[in-house]
Amino acid sequence: MAEASVHPLPLPVTRKKKSLSIEEKIDIINAVESGKKKAEIAAKYGIKKNSLSSIMKNKDKVLEAFESLRFDPKRKRLRTAFYTDLEEALMRWYRIAQCLNVPVNGPMLRLKANDFAQKLGHSDFKCSNGWLDRFKSRYGLVFRSQHVETAATSVDAATVWAQNVLPYYLSDYHPKDIFNIKETGLLYRLLPANTFAFKGEACSIGTLNKERMTLVVGANMDGSEKLPLLVIGKKKNPLCFKNVKSLPVDYEANKMAWMTSEVFELWMQKLDEKFQAQKRRVVVFLDSLPGHPEVKNLKSTQLVFFPSSLSSKFVAMKQGVIKNLKVKYRFCLVKKFLDSVESSKEFTFSLLDAIDVLHLCWRTVTPETIVESYEKAGFKSQHGDSGKTNVEVENGLDLVAHALAAGVEFPEDLSLEEYASLDDDLVTCETASETEMTWTKEGKTNEMDCYTSDEEDEGGSPESELLLPSKKEAVTALETLKKFLRSQEINDTLHDSLADLENFVQCLSLK
């Protein structure tokens with residue numbers, strides 16, 4: 001009988017178990033809790049059903065591990081949500097509700113989440129308790145049965161911001177790409193002798209109201225870039241702008257000289273185009289206000305709104321930058337006034353003059369001042385301590401003593417810093433309340449209080465036009481300036497700037 005051939009049994013194939021990253025496990029947990037079928041999820045990630053069950057069983061440990069890695073500075077950006085666009089839409093809706101004092105609770109948030117999911121095409125999403133709890137945890141939201149004004153804010157907002165929210169952005173963006181912007185009111189012709197009349201009202205403060213502007217200040221975290229100042233005045237085309245084709249600042253106007261949603265959107269889009277051209281990705285921190293809406297279609301700029309319950313101590317520009325700029329500005333204003341007194345000339349100071357002085361002073365605000373302001377606001381600098389910043393003008397001139405010597409009234413016990421901060425509390429943004437405005441019986445704004453006609457300047461007196469010198473006069477003036485500068489010790493940068501200016505004027509003279 002023929003011996004049967006023996007075939008060795010095949011060895012069992014050992015398949016290497018797939019190793020999932022922490023981000024993939026988070027995605028799996030979110031997918032399961034949003035209602036997706038487990039079989040489809042397991043197939044998508046190439047794992048067995050029992051592996052998926054194991055992940056869900058150890059969900060708390062996975063989430064704890066994710067949170068510990070999330071703020072590790074050595075890690076690159078981690079995804080924090082499976083449906084990023086849905087979370088962004090939900091937070092936009094929540095911020096609007098906050099601004100309008102609409103109470104928000106968990107069921108309302110879940111309803112809106114499902115609504116946004118349907119509109120965004122996430123047909124497989126269903127807002128579960130687990131998804132909602134993690135969403136609220138990420139953004140520090142707590143809902144309790146309490147008064148509308150305190151709903152969703154009983155959690156310590158400062159702690160949540162400092163420990164959970166801010167570190168995420170600091171690890172995701174380089175300091176040169178982290179910006180803060182802030183509005184401040186400025187009574188640009190307020191002289192020391194007029195401060196006694198200042199009452200600090202929100203909008204209408206008599207004559208001083210006609211001399212107000214809103215100034216928007218912004219800079220990045222490492223102090224390497226100051227955004228162009230945005231000046232918002234009352235007149236779109238004041239007479240002092242006649243024959244002026246360019247300004248050293250961005251300028252907008254409306255009857256209240258306030259930041260409005262329209263002005264904000266246009267300015268953000270302009271900045272975004274600049275960052276796009278530079279191929280940068282930046283984040284901008286700003287207050288949560290009706291005048292600061294979400295701006296659609298920003299390609300390079302992410303807007304992050306401070307929770308309305310946060311103190312202004314987290315706003316970097318409020319920690320020294322604005323103060324430094326205003327001190328320098330008011331010093332220059334008084335100095336120009338004193339020069340007029342000593343020369344027995346009438347003091348004139350237009351909106352255009354104010355813009356020129358602001359631009360000049362903004363250029364002298366140092367990176368050290370900016371860095372220190374960010375550090376005071378809780379933004380941890382990567383560049384070490386910057387040291388103390390002196391916000392006083394550095395030329396050593398005692399302005400008060402100089403004013404008194406010139407016979408100019410300077411209120412007793414009024415320091416330069418106090419003088420510079422008198423208008424800090426002026427309203428600078430449109431609000432949801434109509435009580436900040438003056439209304440007539442017809443329901444329209446009383447323009448006599450908050451607007452001036454084309455025939456008058458911002459101070460109520462006839463506006464002086466800018467008298468243009470001839471090209472010949474400009475060349476002569478440049479020659480005089482060049483002779484003066486050559487008698488001084490100046491650096492190469494100033495020599496280069498002088499050469500550029502001379503070339504520009506000579507080209508104009510040839511036309």
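**Helix α3**

I began with helix α3 (residues 49–57) of this predicted model, where I found that the buried residues are Leu-52, Ile-55 and Met-56. Looking down the axis of α3, I noted that these buried residues fall within an arc of 95°, so they line one face of the helix. I recalled the general rule that an α-helix has 3.6 residues a turn, so residues three or four places apart point the same way. On the face of α3 turned away from the buried side, I found the exposed residues Asn-50 and Lys-57.

**The sheet**

Next I looked up the strands, and I wrote down an open sheet of 6 strands in the order β4-β3-β2-β1-β5-β6, with mixed pairing. Its edge strands are β4 (250–253) and β6 (301–306), each of which pairs on one side only. From one strand to the next, the twist averages 25°.

**Nonpolar cores**

Which residues have the most contacts inside the largest nonpolar core? I found them to be Trp-161, Val-217, Phe-285 and Tyr-329, in a core of 58 residues. Helix α10 gives the most to this core, with 9 residues. I took Phe-285 as my example and, leaving out residues up to four places away in sequence, I listed what Phe-285 touches, including Trp-161, Leu-166, Tyr-169, Val-304, Phe-306 and Phe-379. Apart from this core lies another, of 21 residues, among them Val-216, Leu-230, Met-268 and Leu-271.

**Salt bridges**

I counted 15 salt bridges in the structure and looked at a few of them one by one. Asp-287 forms a salt bridge with Lys-182, and their closest N and O atoms are 2.5 Å apart. This pair links distant parts of the chain, since Asp-287 is in strand β5 (residues 282–287) and Lys-182 is in strand β1 (residues 178–187), 105 residues apart. Both Asp-287 and Lys-182 are buried.

Asp-423 forms a salt bridge with Lys-326, with the closest N and O atoms 2.7 Å apart. Asp-423 lies in the loop between α14 (416–420) and α15, whereas Lys-326 lies in helix α10 (residues 321–342), so the pair ties together parts that are 97 residues apart in sequence. Are these two partners buried or exposed? Asp-423 has 0% relative accessibility and so counts as buried, and Lys-326, at 4%, also counts as buried.

I then turned to Lys-376 and Glu-372, whose salt bridge has its closest N and O atoms 3.6 Å apart. Because these residues are 4 residues apart in helix α12 (residues 367–376), they are separated by about one helical turn. Glu-372, at 10% relative accessibility, counts as buried. Finally, I noted a network of salt bridges that links Lys-176, Asp-177, Glu-225, Lys-274 and Arg-280.

**Leu-468**

My last entry concerns Leu-468, which I located in the loop between α15 (447–450) and α16 (471–486). Leu-468 has a relative accessible area of 55%, and because the cut-off for exposed is over 50%, Leu-468 is exposed. I also looked up Asn-243, which is 225 residues from Leu-468 along the chain, and found that the C-alpha atoms of the two are separated by 7.8 Å.

Note on methods
Residues are numbered from 1 along each chain as its sequence is written. This is a predicted model: local features need pLDDT of at least 70, side-chain atom pairs count only at pLDDT 80 or more; totals for chains, interfaces and linings use all residues. Side-chain values use heavy atoms; hydrogens and water are left out. Helices (H or I, at least four residues) and strands (E, at least two) are DSSP runs, numbered from the N terminus. Buried means under 20% relative accessible area, exposed over 50%, partly exposed in between (1.4 Å probe, protein chains only). A salt bridge is a side-chain nitrogen of Lys or Arg within 4 Å of a carboxyl oxygen of Asp or Glu. The arc is that of the directions from the helix axis to the C-beta atoms. A nonpolar core is a set of buried Ala, Val, Leu, Ile, Met, Phe, Trp, Tyr and Cys residues joined through side-chain atoms within 4.5 Å. Contact means heavy atoms within 4.5 Å. Two strands pair if DSSP finds at least two bridges between them. Axes are lines fitted to C-alpha atoms, for helices over the stretch in contact, and angles run from 0 to 180 degrees between N-to-C directions.
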